[in-house]
2 protein chains.
Amino acid sequence: MVLTKLSSEPKKFQILLGTFVHSKSRTELDYLHNAAVAVDTRGQIAAIARDCRSMSDAKDAVLRQTGWKASEADVVECEEGQFFFPGFIDTHVHASQYPNIGIFGKSSLLDWLERYTFPLECSLSDLAKAQRVYTACVRRTLAHGTTTATYYTTIDVPATNLLADLCLNLGQRAFVGRVCMDRKGFCPDYYEDESPEVAVHATRETISHIDKVDPGYELVSPILTPRFAPACTPESMNALSKIQKEKHLPVQTHISENKGEIELVKHMYPAAKTYADVYDKHELLTPKTVLAHAVYLTDDEATLISQRESKVSHCPCSNSSLTSGEARVRWMWDKGIEVGLGTDMSGGYSPSILEAARQATLMSRHLAMQIDDDDASRERCKLTVEEVLYLATRGGALCLGLGDKVGGFEVGKQLDAQLIALGAVGDDGLRAGEDGVDWADAGNVDVFGWETWDERIAKWLYNGDDRNTKKVWVRGRLVHSRR
Amino acid sequence: MVLTKLSSEPKKFQILLGTFVHSKSRTELDYLHNAAVAVDTRGQIAAIARDCRSMSDAKDAVLRQTGWKASEADVVECEEGQFFFPGFIDTHVHASQYPNIGIFGKSSLLDWLERYTFPLECSLSDLAKAQRVYTACVRRTLAHGTTTATYYTTIDVPATNLLADLCLNLGQRAFVGRVCMDRKGFCPDYYEDESPEVAVHATRETISHIDKVDPGYELVSPILTPRFAPACTPESMNALSKIQKEKHLPVQTHISENKGEIELVKHMYPAAKTYADVYDKHELLTPKTVLAHAVYLTDDEATLISQRESKVSHCPCSNSSLTSGEARVRWMWDKGIEVGLGTDMSGGYSPSILEAARQATLMSRHLAMQIDDDDASRERCKLTVEEVLYLATRGGALCLGLGDKVGGFEVGKQLDAQLIALGAVGDDGLRAGEDGVDWADAGNVDVFGWETWDERIAKWLYNGDDRNTKKVWVRGRLVHSRR
């Protein structure tokens, strides 16, 4: 098995042919069969034809719509049973913690930070190490179909800039945030911003770097990243808010992940009504703010977040691993809050947003278990296959202000997509092709042939992995492929 | 990537060289480095040498101990970073439901049975379909390192016998249980044993078949399988108990998986004190009985099960998927009950016991979340990496009366084992070998090189999959291998 080298920018028009699946709404998937998606050389979708009599008809239809000649376009055609799906969006991931995934013992948030996380993050000021870790992280997440990632790095400027460069080179759409953590007493002596001024200056340096390497933020954007209230001073939070207003940048931080953390915030900010109020007082609750976790939000906090149009990144793998708690996605939706999914590596153990989606269904069932059998809210609490795939794509896009750019297949959107292939079981019970020399391991999804499309998608959600993601495109550029 | 064809019985002695990892106790793993395990032609471990100066020294040591000549033995040597681990033991799996994994919608136990499960099971009376489904299931679980599986089939005798034959041919150690379900009103008209007599006769036929094809139950054993109390009559349960006493066979059934099911049992068996009491009254709680789920056991039930020395199969994937509840492993251990892991396909979505182990850690954390932060039982509730790997191996062996045969590496035990390889990240951040033509996809575990052995095992638990299981042996016979 060989991963192909990254291609350069697409030089030709592209036409993708086959079945396309994406979210029609939170509750429903839309299946475009015998469809064609025409993509221009800037990676933008120029035309779509669907439900044609054949793929060939669909191709002709988009050629007519665009006025392109067949010879001007490269064609990518689904094989039987394959389908295109929007790229996944990871709304919360610490690239700098990638080497620690799976390593957390019995810890919970605050001791986990001290024991596992701060030492590793600190060590990435070694640029050779940062290059190694960030390369592995970006390539790994691309291989899992993550076309957009919202990264925390470390406090280190050169290493943060390196991650921005890597995302550009490897072709992943990314938000890259240098972590701001300047609060004495909470941050360890060996790993902290010396002062609010130093923190803000360093942050500005990483913004300037991205301004230089991707001036229009076409692929990579800076994101303001106060680590979380316990790690920041009011001064640095105010200063980041000022930059936000000045440059209209997105913001990311953590909120209400763990009960101990909430107590700590109460103790540190006695004047604040709630945890959310701390951020609000520092004008960090903006429509461009992504709040990770939000496990223990009160009603008032949810109302405030909803009013401010801030967003939430739901990180079920992490919340289970670190025994943080069970975030209530349905409840947040009811409150009018937009929600996306985060791997939260390495609080979360997996690089895969598909795994995060799977665990989101299970976490919603753990919440449901606490509700009586005859209470209708029990069933309502459970998230469906369709709903978690919405979280993984359109939900994430909306969290990051990319709702008009990515998350589904529509004219005018950019092609951030993956080609999914599921395994097939032959009549003899062997996996189709398994005995051939050139057989590519199709992973753990076994399709027998009688399944509906909805059932195939459910099988993919529950047993799919990176082996099912055969190709990945960002802005029309092929950024990952495997046999 | 090619899966090798199944080898025949080992003709020569075998010597395995490298690092061996297995459970020393519930809480501790034992690492045998520079070790050799010598296996005789019956698949039994004849000698072990550990902590030698080199693998070559270890090999010499076992040759001395056994008196074998080097030329008489085939040698399997670990590469750098690889290790041998005991084969996994799946103590609860419905082979007949394999095609449905991942398909369960928002259902819970009783509607799931009716909507998804009974129709599929019934359809396996078509032997061609049964051959296809069972072949896929056995090969898939072997590929995940499951060397012993405790199967439910369907009510169908020929299809059940087919599964027994397949396990023998493909080399998986298995308990094969024809499902007994003769209770009118609960079982659907189209899929039920006509009467207790028919049920018992059919069960005897499957036992006779296995008596013929594997007279000493060396690899495949029958297991008495009353589906669960709501699906069985007192007559059939009594008759199965009689067979149990007559032939000393193991028994498997379900208990206390779901609140609705418990209510149903209460209603059907008004004279019984508890659900467990129903089985006890029919003398089905034996030291050879494996009870799946046991989510809502009362104190009295746990005490009774412990007194009877019956065992529990913990199925976390299933219990989460079907919103059944959260079984308390620590509590059952405290009660003196032996526990193993089950995939419970297709209530569980995954064929992998490694996934079951992973989900067992997460489920224990969901239980812990319900306990106050300052209560010591909160921390105690969480299962460790070592504990869930114990459940997956020695725990399962003890549940199935195989404690002296498999589950670890000791002289006199049989070689049921897997060779595990983890991925490595090169200095450039690429996965080692990734650019080579012959590169075998090593999966999602990325070892950077600085990890301790405990950390490597944790990484395997949380991100490992069948790609890491390079070879699988049952009774010394190589039954699965991949590049």
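## A sheet in chain B

B:Val93 stands opposite B:Tyr151 in strand S7 of chain B. S7(B) covers residues 146-152 and pairs with S6(B) in the parallel sense over 5 bridges (two strands pair if DSSP finds at least two bridges between them; strands are DSSP runs of E, at least two residues, numbered from the N terminus).

Both belong to an open sheet of 4 strands in chain B, ordered S6-S7-S8-S10, with parallel pairing. Strands S6 (88-94) and S10 (220-222) of chain B stand at the edges with a single partner strand each, so one side of each has no neighbour in the sheet. Strands of a sheet pair through backbone hydrogen bonds.

## Basis of the model

This is a predicted model, in which local features need pLDDT of at least 70 and side-chain atom pairs pLDDT 80 or more, while totals for chains, interfaces and linings use all residues. Residues are numbered from 1 along each chain, chains are lettered from A and ligands numbered from 1 in the order written, and side-chain values use heavy atoms, without hydrogens and water.

## Two copies

The same surface serves both copies, as 100% of the contact residues of chain B recur in chain A (contact means heavy atoms within 4.5 Å).
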